[in-house]
Amino acid sequence: MKALCVALGGALLLTAPSFAANILINGDFETGDLTGWTDPNGIGTVNAGRLDIAGGASPDGFVQQTFAAQMVTTTVSAEFWTVNPADRSFNMFLRGSTSSGQINLRVVPGGNVQIFNSGSTWETLANLNGSVVTDGTTANTITVTLNDYGASLDYDVTVNGATESGVGFFQNAAPANVSRIAFDNDFGTTGFSVDNVSVSPVPEPGSALLALLAGLGLLRRRR
């Protein structure tokens, strides 16, 4: 029993990030509609369990979900499909609840990834050049890991296994928290699709330890 508890404790501590859970509603669109999401301009349609974002809508719009403000390390991930855009496609925003600061990420021709930098410039993430497959049928995977909050906020962007680390580009300002995710077609004429969207806060070590203790207590009661 002791050996089992030690093994369980070690396994739980080594896999602490696995305790992270998706806090979005209907992130996989399996309800067949936009339950949990808002779409004020009607640019989104759920087809076959994934969200299609129309390109070239007038007015431009977004499909968005608001969630509890996060101020711990948080991972945001999604699958997406796109064709080689004439201008941009797969435009994703991560926004805060109390300021205009946001992360504005887009895909541009050639399958490159750019982040908007305050001062009206787009910064190309060199490690992600050509990382996006733009054949319209291949699922791309993207993960944004927010490492800290406030003035020192930085984040990592991973697309299909390639990573740009320690990114510090923001539109307007670094958000004090992250509480909204949006998929936009602003200024874009190319549509795209998304699926399996998740926002998962990573528990701090103290939270993981509590989960470990709870697991060990349950195991002891079952003896």
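User: What is the bridge partner of Gly44 in strand 2?

Analyst: In this predicted model, Gly44 is bridged to Ile53 of strand 2.

User: Why are strand 1 and strand 2 (residues 50-53) said to pair?

Analyst: Pairing requires at least two bridges found by DSSP. Strand 1 and strand 2 share four bridges, in the antiparallel sense; they therefore count as paired.

User: What makes strand 1 (44-47) and strand 11 (162-167) edge strands?

Analyst: The open sheet they belong to has seven strands in the order 1-2-13-4-9-10-11, with antiparallel pairing. Strand 1 and strand 11 each pair on one side only. On average, neighbouring strands of this sheet are turned by 25° against each other, direction ignored.

User: How do you know that strand 6 (residues 102-108) and strand 7 (residues 112-117) pair?

Analyst: Four bridges join strand 6 and strand 7 in the antiparallel sense. The criterion is at least two bridges, so the two strands are a pair. Arg106, for example, has Gln114 in strand 7 as its bridge partner.

User: Which order do the strands take in the open sheet of six strands, and which are its edge strands?

Analyst: The order is 3-12-5-6-7-8, and the pairing is antiparallel. Strand 3 (62-70) and strand 8 (121-124) are the edge strands, since each pairs on one side only. From one strand to the next, the twist averages 20°.

Note on methods. Residues are numbered from 1 along each chain as its sequence is written. This is a predicted model: local features need pLDDT of at least 70, side-chain atom pairs count only at pLDDT 80 or more; totals for chains, interfaces and linings use all residues. Side-chain values use heavy atoms; hydrogens and water are left out. Axes are lines fitted to C-alpha atoms, for helices over the stretch in contact, and angles run from 0 to 180 degrees between N-to-C directions.
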